[in-house]
Amino acid sequence: MIIYDGEYSWKGKSTAKKRPISWWRSSYRLRIVDVSRNTPGIVFLKPHVVLFADTGEGASVTNCLPDLAKQICEDFALDLNRVVWVEDRPEIKERFRVAVFRPVARLGRDVFYQVAWRAAIPSELSLITAHCA
């Protein structure tokens, strides 16, 4: 079931008392899918897939993914560790890359992550093509 499908953007500055995702105005194509809703009786360790693509407007996803992911989780009530984070790059042969988050530090309630990228494995590719692409 699609939770969100559209453009996700921000102005690049913050009027709230929190740091913005990026200090530059940015925009991404974003699709959030709950793959567990149509499969009763099956428990998914990662029931959500977030598929995102750069629009060419603003900061690259690669440069701001930890902050972007945290904001998406806040906006859509997702658990960052229970999401398959996928970048869609249709212009290249290995179109889908999966982000792997590793916590590296904690400051109060805020967790800081390091992101490593890898190619999607076959089971992830089937999930992505069946529900997201």
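This is a predicted model: local features need pLDDT of at least 70, side-chain atom pairs count only at pLDDT 80 or more; totals for chains, interfaces and linings use all residues.
**Exercise 1. A glutamine in helix α1**

Determine whether Q71 is buried or exposed, and find the residue whose side chain it joins in a polar contact.

*Solution.* Q71 is placed in helix α1. With a relative accessible area of 16%, Q71 is buried, because the limit for that class is under 20%. As for its partner, the side chain of Q71 is joined to that of D75 by a polar contact of 2.8 Å.

**Exercise 2. Two aromatic pairs**

The structure holds five aromatic pairs; classify the geometry of the pair Y8 and F76 and of the pair F52 and W117, and locate each pair in the chain.

*Solution.* For Y8 and F76, the ring centres are 6.5 Å apart and the planes stand at 45°, so this pair is tilted. Y8 belongs to strand β1 (residues 2-10) and F76 to helix α1, so their pairing ties together parts that are 68 residues apart in sequence. Y8 itself is buried, at a relative accessible area of 9%.

For F52 and W117, the separation is 6.4 Å centre to centre with 70° between the planes, and the pair is edge-to-face. This pair also links distant parts of the chain, with F52 in strand β3 (residues 48-54) and W117 in strand β6 (residues 110-119), 65 residues apart. Their accessibilities fall into separate classes: F52 is buried, with a relative accessible area of 1%, whereas W117 counts as partly exposed at 24%.

Finally, Y8 and F76 belong to a cluster that ring pairs form together with Y4.

**Exercise 3. Charges over rings**

Identify the ring over which the charged end of K70 sits, and the ring over whose face R97 lies.

*Solution.* The charged end of K70 sits over the ring of F112, at 5.0 Å from its centre. R97, in turn, lies over the face of W117, with a distance of 4.0 Å to the ring centre. W117 therefore has two partners in these exercises, namely R97 over its face and F52 in the edge-to-face pair.

Key
Residues are numbered from 1 along each chain as its sequence is written. Side-chain values use heavy atoms; hydrogens and water are left out. Helices (H or I, at least four residues) and strands (E, at least two) are DSSP runs, numbered from the N terminus. Buried means under 20% relative accessible area, exposed over 50%, partly exposed in between (1.4 Å probe, protein chains only). A polar contact is a pair of N or O atoms within 3.5 Å; within protein, one must be able to donate a hydrogen and the other to accept it, and residues adjacent in sequence count only if both atoms are side-chain atoms. Rings of Phe, Tyr and Trp (its six-membered ring) pair if their centres lie within 6.5 Å; planes under 30 degrees apart count as stacked, over 60 as edge-to-face and the rest as tilted. A charge sits over a ring if NZ of Lys or CZ of Arg is within 6 Å of the ring centre and within 35 degrees of the ring normal.
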